[in-house]
Amino acid sequence: MKTRILSFVRDDSGLTTVEYAVAGAIITVGVVAAFTALGGSISGTIAFIDGVLPG
């Protein structure tokens, strides 16, 4: 029983899943930040084009 518990504690294969989850979270935050930053710029450009075009 002690051997199985020590084997479970020393097993680091679960770390790869955690690493992938952390990397996915960082990428998600970066994508959301980029879309948020670009959203204002695109909105301003569309408003400018709308003002320039005759209605």
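Ile-26 counts as exposed in this predicted model, at 57% relative accessibility. The assignment follows because exposed means over 50% relative accessible area. Ile-26 has its place in helix H2. In sequence, Ile-26 and Ser-7 are 19 residues apart. In space, their C-alpha atoms are 31 Å apart.

Ile-27 also sits in helix H2, which spans residues 14-52. The relative accessibility of Ile-27 is 56%, so this residue counts as exposed. Ile-46 is a further residue of helix H2. With a relative accessible area of 53%, Ile-46 is exposed. Its value lies over the 50% cut-off, and therefore outside the partly exposed range. The C-alpha atoms of Ile-46 and Arg-4 lie 63 Å apart. Along the sequence, 42 residues separate Ile-46 from Arg-4.

Ile-27 and Ile-46 both contribute to a nonpolar surface patch.

The protein exposes about 5100 Å². Carbon and sulfur atoms supply 72% of that area. Buried here means under 20% relative accessible area.

The secondary structure consists of 2 helices and 0 strands. The radius of gyration of the protein is 24 Å. For 55 residues, the globule rule gives 10 Å. The computed value is well over that figure, so the protein is more spread out than a compact globule. The extents of the C-alpha atoms were taken along the principal axes. These atoms fill a box of roughly 80 × 15 × 10 Å.

Helix H2 holds Ile-26, Ile-27 and Ile-46. Ile-26 is exposed, as are Ile-27 and Ile-46.

Methods:
Residues numbered from 1 in each chain as written. Predicted model: local features only at pLDDT ≥ 70, side-chain atom pairs only at ≥ 80, totals over all residues. Heavy atoms only, no water. Helix = DSSP H or I, 4+ residues; strand = E, 2+ residues; numbered from the N terminus. Rg over C-alpha atoms; globule rule 2.2 N^0.38 Å. Areas by Shrake-Rupley, 256 points an atom, 1.4 Å probe, with all protein chains shown as cover. Patch = residues over 30% accessible without salt bridge, like charges linked within 9 Å, V, L, I, M, F, W, Y side chains within 5 Å. Salt bridge = Lys/Arg side-chain N within 4 Å of Asp/Glu carboxyl O. Buried < 20%, exposed > 50% of the residue type's maximum accessible area, 1.4 Å probe, protein only.
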